[in-house]
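Look over the sequence and the model below before reading on. The paragraphs that follow go through confidence, packing, charge pairs and surface.

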Amino acid sequence: MVSATIPTNSLLLLIAICSTYLSCEVESFSLHQSKSANVATVKSQQIRPTSSTSLFMSDAALSLTGQEEDDDEEEWVEEEFELLTERDFYNTEWKIGTLMDDTPKSPTSIDTTWVRLMTTEDGQTNKAVWGDGSKGKWMIDVPSQFFSISKETFGGWFGKQIWAGTIEDFYFLEGTVRGWSPLSPASVIGQWQAIRLGNMDGGDRVSAEERGEAPWFMEDDEEGESEALATTDEEA
């Protein structure tokens, strides 16, 4: 039986070669694992879903944008209307009711009469003639649409009363009454409402259908509806 003997130098060389080969394999395997991990990280970053917070912010932004668009669509457009001038009141007759502050607040306390708005022949002065024979003046400030009618007692020596208010309707007027006398200073003493009857010559009278419902009656209807709704809500 023959035993083979491997020289020591050859054995050491073989061990060195095996160690180098194993070292290269380990390094190659480590490099491959590192690349795989990087690829997985990149892929996970690419397919990562958006967080719930970012989605909420996105929805909120869209909601605000939509709301702004709706606001733009529902924006009210103010339409300009033609301002009334003195020409709209020349030779007109009005039914006017006055409730003084020192009288009971009831329909029977309303003093109802008429007033005619005229102008002098020279067109320089606007004069008012009342149903009780009293006289005064009337004026209108076009830019502010402020309207007033005065009523003088004995030429104004014993006092004067002024019916004044802001024009908001062609057929209806309303406002407050201010008065003064030698014994009392100027102050608010009542309130008034007036309805256009037409021209004094009778050729162009205003019908109830043309005038429509008075604005103060419409306000009462709206207040009644609001009270009814409030009552219904309380009962519910």
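Is E93 buried or exposed? At 9% relative accessibility, E93 is buried, where buried means under 20% relative accessible area, exposed over 50%, and partly exposed in between (1.4 Å probe, protein chains only).

This is a predicted model, in which local features need pLDDT of at least 70 and side-chain atom pairs count only at pLDDT 80 or more, while totals for chains, interfaces and linings use all residues. Residues are numbered from 1 along each chain as its sequence is written, and side-chain values use heavy atoms, leaving out hydrogens and water. The average pLDDT (the predictor's confidence in each residue, from 0 to 100) of the protein chain is 73, and 57% of the residues score at least 70. Residues 29-65 have a pLDDT below 50, and this stretch has one contact in the model beyond near neighbours in sequence; contact means heavy atoms within 4.5 Å.

The structure holds four salt bridges, each a side-chain nitrogen of Lys or Arg within 4 Å of a carboxyl oxygen of Asp or Glu. One of them joins E93 to R116 (3.6 Å, N to O). E93 belongs to strand 1 and R116 to strand 2, so this pair ties together parts 23 residues apart in sequence. R116 is partly exposed at 32% relative accessibility. K151 pairs with D132, their closest N and O atoms being 2.8 Å apart. Because K151 lies in strand 5 and D132 in the loop between strand 3 and strand 4, the pair ties together parts 19 residues apart in sequence. K151 is buried, at 16% relative accessibility, whereas D132 is exposed, with a relative accessible area of 51%. A salt bridge also links K160 and E152 (3.6 Å, N to O). Through shared partners, salt bridges join E93, R116 and R205 into one network.

F154 is exposed, with a relative accessible area of 66%.

How values were computed. Helices (H or I, at least four residues) and strands (E, at least two) are DSSP runs, numbered from the N terminus.
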